[in-house]
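Subject: The two-chain model, handed over

Hello,

Here is the structure I promised to pass on to you. Please open it first, and keep it beside you while you read my notes.

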Amino acid sequence: MNTRRTFLSVAAAAALSLGLAACGGSKAADPGESQSGASGNTAVSVGTIGLASDASLRIAEDQGYLREAGISGLEVKTVANPPAAIAAVQSGDIDVAYTPSVPFFNALNQGIDLTVIAPADGYPENALEMDAAELDDTGVYVPGGSDISSPRGLEGRKVSVPARKAQMEVTISEAIRQDGGDPSKVQWMVLDPASALDSLKNGRIDAAALVSPFTQQAGAQGNTLLASPGVTFFEKGAVGLWVAGSDQVEQDPEKYEAFRDAMVQAYEYGNENTDEAQGYAAEITGVDLETLRQGATTYWPLEAKFEDLNRANQKMTELGYQPQNAPFAEDSILGAE
Amino acid sequence: MTTTADITATPVATPRRPRRRSRRIPSWVKWALAVGTPTLLLAAWWTASADSSNTFFPSLEQILTRFQQLWLFDHFLTDVVPSLANLAGGFALAAIVGVGLGFVLALIRPVRWLLEPIIHFVRSIPPVALVPIFITMIGFGNDMRITSIALAATFPTLIATMDGIRSVDGTLKDVSVVYRLTRAEKFTQVYLPAAAPQIFAGLQVSLQVAFIVMIASEMLGAATGIGALTLTAQQSFMIADMWAGVLLLGVLGFVINKIFDLVKARILAWYFGAKEAQRAT
């Protein structure tokens, strides 16, 4: 009996290890499964995390910008988080993935070769002169009456973030640094937005980093907005990005250029027709339209500029979130000279 | 006094089968297989992945280097020990509640009728789905993690204990009545030993469940523990670190299971001995 069990466990271990070894030796799946060339019958599959800024995809479709650019079909797949989207784009499961800038640089630093196709959301050129709360869909909230009055006050306190070493943590760290504090002294807690709001109410955490529509909920519950860290960190330009595997882009540049061109047209339309864009956003996120209107207005930059993105790259290094700048060059952006 | 072992081991008047000459495998062969097979597999993995250019499947050399840097012993005290302490606490709680409640439900019918539907309802809920609820109720410290582990791991032991007690041989029950055993004596000398093999089977499943929930419970709250570190590595694309975490989990799971097997073999020595004797007759 024991011998048989030993053999069975050995066989199972063998199968598992050989599978792993085989995977280790394999290359990424062959990209470009969808129809190739922006000749009017090109299909593009996109991986997103279901944000308000995805309204641009609906605009591009409904206004006919995709069709005009030669893209006949758009398949939108919702993924759990940006790393999952990047893994999917690498494996060829999707053509284009949405990712915030921070996971993008993390991926580049770990040797994942990605190309920026287009911005996916961000801030206007004069963002620093505007009211940050109206632009930034992220916010750090403290309970009403808290003794924390500036980002520096977060030193030594419990601050919840949706994920460790991701965009919210990095941007808050920069806000603390700019305020003269030491972000390494913060006790970061990973909490989903609902748990974060509840923990804030019960005093289990001192501050919560939230994304719209939970920012509106936090305000409605009497919490105070301490900082809008997105604008502080990025200052202007692209924040969210549409990215693809560089190999895939090299194989079929027309398809990605067509996608970019259609999206730029959608951005122009969305920036001018915010009510309509918010209507789409409400449908995508399932959030009440009135609630969405109370929060930050989505802005789509028309271009992903190297200097804007590299500024974020540099700040991540200065904050210690990466050992050196990620290998990001001008040619990492599709069509950049 | 007649014990369960005595009764089970009593030769039964069955026709004697011709004894097969057992071909015992020498222990050195077993050891060679136990050590040699994994070594060969690791060597195969090492060779096959040596030139890997796939970021998501780094070479074994890279993974082992990160394994050594992370777990031996930089993060051992800060992450491995807390995770294992939560596992031990949650599992111990589950074992006590599972066996205790299993006895009560098996022996007291009205209580069983009352609680069984609720138990089956709660055990159908994936434990991971309950983690946010526990956070709301008891926060996100170790209490939440131990509670999550304990709740999830209780049910396999509870069900196994109930089944074990309910399937105790009627003869044993009659014997305990004839010998006028007290309730405590019946519990410790008849029911518990008779149901022990099934209880241990339930405990083994509970241990697996506890291990899974230990990782899941670290996805929220303070980013400490093996699960939290492995998840952060995955989300930061530190793929070799992620594989090192997965490897550590595999090793720990294997070692914990082996320890459990040793404890089970020692406590149930009478049972395995009786089965061996039955096979021999």
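This is a predicted model: local features need pLDDT of at least 70, side-chain atom pairs count only at pLDDT 80 or more; totals for chains, interfaces and linings use all residues.

Chain A has 337 residues, of which 51% count as buried. Its secondary structure consists of 15 helices and 10 strands. Among its contacts with a separation of 6 or more, 80% come from residues 24 or more positions apart.

Chain B has 281 residues, and buried residues make up 39% of them. Here there are 12 helices and one strand. If you follow the sequence of chain B, the pattern reads α-α-α-α-α-α-α-α-α-β-α-α-α. In chain B, residues 24 or more positions apart supply 76% of the contacts with a separation of 6 or more.

**Where the chains meet**

How much area is buried between chain B and chain A? The figure is about 3,000 Å², and carbon and sulfur atoms give 67% of it. On the chain B side, the residues that lose the most area to chain A are Leu41(B), Phe140(B) and Phe237(B), which together account for 21% of what that side buries. In terms of contacts, 35 residues of chain B touch 40 residues of chain A.

Sorted by class, the side of chain B that touches chain A has 20 nonpolar, 13 polar and two charged residues.

Strand β7 of chain A (residues 187-190) and β1(B) pair in the antiparallel sense over two bridges. In β1(B), Gly221(B) is the bridge partner of Val190(A).

**A helix to look at in chain A**

Helix α2 of chain A spans residues 55-62, and its buried residues are Ala55(A), Ser56(A), Leu57(A), Ile59(A) and Ala60(A). The elements of chain A that the buried residues of α2(A) pack against include β1 (42-48), β2 (71-78), β10 (237-245) and α13 (274-285). After α2(A) comes Gly64(A), with a positive phi near 80°.

Arg58(A), also in helix α2 of chain A, is paired with Glu283(A) in helix α13, 225 residues apart. Their side chains meet in a salt bridge of 2.7 Å, N to O. Glu283(A) counts as exposed because its relative accessibility is 55%, while Arg58(A), at 27%, counts as partly exposed.

**More salt bridges**

Over all chains, the count comes to 17 salt bridges. One of them joins the side chains of Lys315(A) and Glu174(A), at 3.9 Å, N to O. Lys315(A) lies in helix α15 (residues 306-318) and Glu174(A) in helix α7 (residues 167-178), 141 residues apart. Are these two residues buried or exposed? Lys315(A) has 7% relative accessibility and so counts as buried; Glu174(A), at 2%, is buried too. Both belong to a network of salt bridges that also links Arg177(A), Glu235(A), Asp308(A), Arg311(A) and Glu318(A).

Arg293(A) and Glu290(A) form another salt bridge, with their closest N and O atoms 3.2 Å apart. The two are three residues apart in helix α14 (residues 289-294), so about one helical turn separates them. Arg293(A) is partly exposed at 36%, and Glu290(A) is partly exposed at 44%.

**Backbone points to check**

Most residues other than glycine have a negative phi, and most peptide bonds are trans.

- Ser212(A) and Pro213(A) are joined by a cis peptide bond, with omega about 10°. Pro213(A) sits in the loop between β8 (207-211) and α9 (214-220) of chain A.
- Arg180(B), though not a glycine, has a positive phi of about 50°. This residue is in the loop between α8 (170-178) and α9 (183-216) of chain B, and at 74% relative accessibility it counts as exposed.
- Phe237(B) is not a glycine either, and its phi is positive, about 60°. Phe237(B) is in the loop between α10 and α11 (239-267) of chain B and, at 2% relative accessibility, counts as buried.

Conventions: Residues are numbered from 1 along each chain as its sequence is written. Chains are lettered from A and ligands numbered from 1 in the order in which they are written. Side-chain values use heavy atoms; hydrogens and water are left out. Contact means heavy atoms within 4.5 Å. Buried area is the accessible area (1.4 Å probe) that two parts lose on being put together, summed over both. Ala, Val, Leu, Ile, Met, Phe, Trp, Tyr, Cys and Pro count as nonpolar, Asp, Glu, Lys and Arg as charged, and the others, Gly among them, as polar. Two strands pair if DSSP finds at least two bridges between them. Helices (H or I, at least four residues) and strands (E, at least two) are DSSP runs, numbered from the N terminus. Buried means under 20% relative accessible area, exposed over 50%, partly exposed in between (1.4 Å probe, protein chains only). A salt bridge is a side-chain nitrogen of Lys or Arg within 4 Å of a carboxyl oxygen of Asp or Glu.
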